[in-house]
Amino acid sequence: MAHVLPGLLLILVVSLTLEAYPSGGPNTGRAQDLKIRQLITALRKLKTSGHDLRSTLYEKQRKERREEADKTEDIKENDVLEETVKELGKDDLSTKHNEEDSLPGDERSINSRTDDTGKDEEEEEEEDVRSDRKDVSLVERLAQKRTNTVADNNGVDDGKQNGNTRDHGHGVDIDRTYVNPNSDQAKLFGQFEVDIHGKKMTSKDLHKEKLEKLIGESHDQHPTPKPNTETEELSQQDAEKRLTRRNFPKNDLLWSNGIVPYEIETGGFSQEQIAIIEAAIDEMRQRTCVDFQPRSTVDYSTLGHTAFVKFISSTTGCWSYVGRVTNDRQQEIGLGPGCVYNPTVLHEMCHAIGMEHEQSRTDRDNYVTMQWDNIKDGENNQNMIKLKTKDTNPYDYESILQYGIKDYATGKHIMRFHDQELEFLADDATTLTFYDIKDITSSYRCSEKCGTGSPICQNGGFVDQTCGCLCPAGLDGTDCSQVVTDPVCGGTIDVTTGPKTIESPNYPQNYDAGTDCAWLAKGPTGKLIQLTINSLNLPYNTNDNRCYHWLEIRYNLMGQSGLKKCGDFTNEVYRTTWDGTPNIMYLMFDSAYADDKSPGTGFSLTVEAVVPGCASSPCVHGSCQDDTTTEFKCLCEDDYEGVHCDQVKASASFFCDFESADTCFFINDDKSGIDIFDWTWHTGSTISAGTGPSKAYNGDYYMYAEVSYRGKGENAALLTTEALPAGLWCLSFWYHMYGAAMGKFEVLGATDGAVWWSRSVDLGDQWNYASIEMQLSTKQKVALLATVGNYFLGDIAIDNLQLQQCVSPVHDRCDFEVGNECFLSQSQTDDFDWVVNQSGDTPSPKTGPTSAQEGSHYAFIEASGPFISDMAVLRSASTYPAGEYCLTFYYNMYGKKIGALDVSTLPESSDIESVFLKTGDQGQQWNQGVVSLDESEQFNLLFTAIRGASYTSDIALDNITFTSDRCGCLSNPCLNGGTCLSNSNMQTGYECTCPSGLSGGICEDVSVDTTLTCTFEDNAVCFLQQSRDDSFDWTTRERPSATPDTGPSAAAEGTQYAYIETSGLITKDDVAKFTTSPMSFEAGDRCLTFKYHMFGYSIGNLSVSYGDTELFHQQGDLGDTWNLANVDVVMSGFTEQLVMAASVGLNREYGDIAIDDVKLTPGSC
């Protein structure tokens, strides 16, 4: 006799309700017998737990078994059991089955007892087994129902599993506000959509935050095998088994013969938890050919390894390695608090056999949009990253491996389905889904043993491990050709010859409740099925938005649950998708589940086969328009052509800086199979110290190959989105190869394997520039291939890629000498022409040059004839292709009323862009202009002179050179006294050597203790730059300004100063700015001191600002004197800049403002 607690009579009657295996099959009875034996064994062990169970619970927990299968109400029973547990509310009963902590000592609520009839417990047990009446505790019954029930093909039990009679009378259950969130009933309610004239509502009060599936996902994590060790232990034979199936990564391994040896940690789990684990194992065994076998029973001689899985109690969540990762040791499945639920155990088991998360599929971006801002660790979250999978089966929104769309803790969306009406599917799976089974079946070749005698399955069915067809729910027969429906309605509807109408019984009068009608609409291959709901009126619960009767529409995948609609609406359209079986749609009308509710008028539907048009997304790089004659018309992006916009133009030019993850012409290789893993889009430092960049070359983001946990020789490829036409192509990019175990980085042809560039050496912690020519002998894609070295110190990164067909070198010149060619010509759309081939002085005194800059002739505008603001334009005769260029020229702008000289580019498809602008008198000398250009499309070059306010505004040009080279040091790029050195290995063609306290590519980074000056003297260093964000430029001068009674007569110190010349074309409120951009300052206090001069009766404003904060402001006439300003500047260390701005007053001619002797010193003033 088992031990009985004193003073307490315990009664336990064991009851087990068997549920039919929904798919039928020869092994069903044997599987049920096995489950019975397993449960009885578990109950016998539980009897010794000795934990108190009140005898009053007996009557509350007994529930009479249904006498007939067609009266089974498992959903209803679940709900009652949950409510009973809730009412009892006793902590010692351990009824909170979805909490994370087990009872002390792993004890549960089933205990030894004596029956009140006087029979001892063994006699009672034997009698209960003989009578097939086996009750367990409330907690155990709930656990048993969730783990031992094998649901229908979609994992949904709504009372209509294949071969089962229907369930009735559940209107009262639909009306009950509370529903156990983990019950099949809650799952059914979650599929409802109440539609009232287009307003769509989902069921309320389902408490999805308590779903066992979501609780498990919130603890989910996945360790990775040690880098380059365990993965290298695998045999060559195993390596040949690398998976290429849906959501199986390429570098994960199958378990030999589908056998997974396992152990369960001794003492790690309660008996109830062990029963849940074993039930999940049994489901995997029954529904696939993957067999988790106790390690002690396995014949390892047939497997070629001695590895095994061990289920362990974890303190760090729910986790598993992905695939078999070792040859000769254990690998764990960790199940911590909140993990030992059937969906979570199955989820981790799927990982162990090699499956990745559904949202990590290579093709996931075609189906879901990740909400990275709502995801912990953003794009670095290992459960959300996109992996290398071979997606031969459709994306399954309902998969046991698909995460819910909302974060368990915050309730925020972590992803959105492209079809948001199907988002309910993400929370559905409590068992393996139809496509989970299909995926495992194909990956483990479960049906290969069946041979040529296997049936040909129709309508989305497939041959499973039983060698029979596994059919989508609602279909039956040896080949899935039969529609399960009431004899009075439903069946197969052939729409090949034209549209068909489907109506509910007795439409438009009320139908009789109690009917299940199913239709399968089928069209010809290559077309979609379109459903138009002409009218629908089906009753629903108005408080909780739950359908009493509904129309299920399975338009996405035949093997998934369909959207279940009710309400009152007209003219809604649904189309099948290109996944699965696009020419088939399943419809099911259910008025039987809640036949105790009054019917509506029903529905009228039209189903038809339609041409796909734009629904098939035929335009690869362009937008789509439906077309009645050609089905669709593609409007291609600039660089593409062809019917589907998938052909690269010979004139195409691409640039990618990776600031956006999805807009680059180089993408991760998802289909060619030439690589093993993906490049990673990243910002900041890579995860391993001693390798990889700390930041992007330019901007915030770059791509890199993360080689940790990768085997030597594995590689990652970025491919051009489309094949490039044969010809000579030029590719330039920045790359980073830093690490003691550097592998190889190559640029090669994806088809012929021609290698155009290769590096395999540690180049230190710096970005390097490469510019290469690629002679493509045939049309093909170009690959950037990173190969792993000896160990993890070998990250390779890239940034700022540019690709275009190589063009002949440009070397155009205009010296305006008689008889020499000039690449510029007079514009036909300006106000007057330039005078070319001029020699000596210009005709007007006190303006223009006295001779050419070099040689005998030059070009100029004669300002005596035209009107103020008239323009003369010289335009390049040729249109130049996209690329880098250097423009050098000499200009003369001498005269009191000088207007402006502008140099601009005119791109093929956008507005004019000014690249050089000077205004006002620049002195009698010739001055040199140097402009670096980096154009992304074809363009022309323009020189525009604008006539000033009088004849003293001649502007001249000479010795213009335009080349397809980088300007390098010609443009004086190094700031703050940096020394420029030519370097052809750098993209810019130069590198800067910086003075102490300065760093960066152009000496733009300033330390906190560095002093900067600007005296405006010839050849002196000046930290201020002319802004491009203003109306005109400051002018440097050493004599009095051109206009009397305004401006200084001399510099404050030295011989030169800077001032704004307000004569000429300048107008009131025009602004000239000096800025510290593009410098970056270390955080800290600075003192800005400068001299300023504001003399003239129409003086405007002088201001100093830092970021958005104005630090200094002065306005009006202060007299003919220099003044001193001291301004404290607190620099934040971010990208804010200092700006000194001077504006023009009302009477512009007498408003010259000057500054001199500007200093920025450390500390406060």
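**Buried charge pairs and an antiparallel sheet**

Lys565 is buried, with a relative accessible area of 0% (buried: under 20% relative accessible area; exposed: over 50%; partly exposed: in between; 1.4 Å probe, protein chains only). The model is predicted, so that local features need pLDDT of at least 70 and side-chain atom pairs count only at pLDDT 80 or more, whereas totals for chains, interfaces and linings use all residues. Residues are numbered from 1 along each chain as its sequence is written, and side-chain values use heavy atoms, with hydrogens and water left out.

A salt bridge, defined as a side-chain nitrogen of Lys or Arg within 4 Å of a carboxyl oxygen of Asp or Glu, joins Lys565 to Asp195 at 3.1 Å, N to O. Asp195 belongs to strand S1 (residues 192-196) and Lys565 to strand S22 (residues 563-575), so the pair ties together parts that are 370 residues apart in sequence. Strands are DSSP runs (E, at least two residues), numbered from the N terminus. Asp195 is likewise buried, at 0% relative accessible area. Lys565 also forms a salt bridge with Glu572, with 3.3 Å between the closest N and O atoms; Glu572 is buried. These residues belong to a salt-bridge network that also links Glu193, Lys200 and Glu421.

Elsewhere, five strands form an open antiparallel sheet in the order S56-S59-S65-S62-S63, where pairing requires at least two DSSP bridges between two strands. Its edge strands are S56 (1025-1026) and S63 (1109-1115). Strand S62 (residues 1099-1106) pairs with S63 over six bridges, and Tyr1106 has Thr1109 in S63 as its bridge partner.

How values were computed. Helix = DSSP H or I, 4+ residues; strand = E, 2+ residues; numbered from the N terminus.
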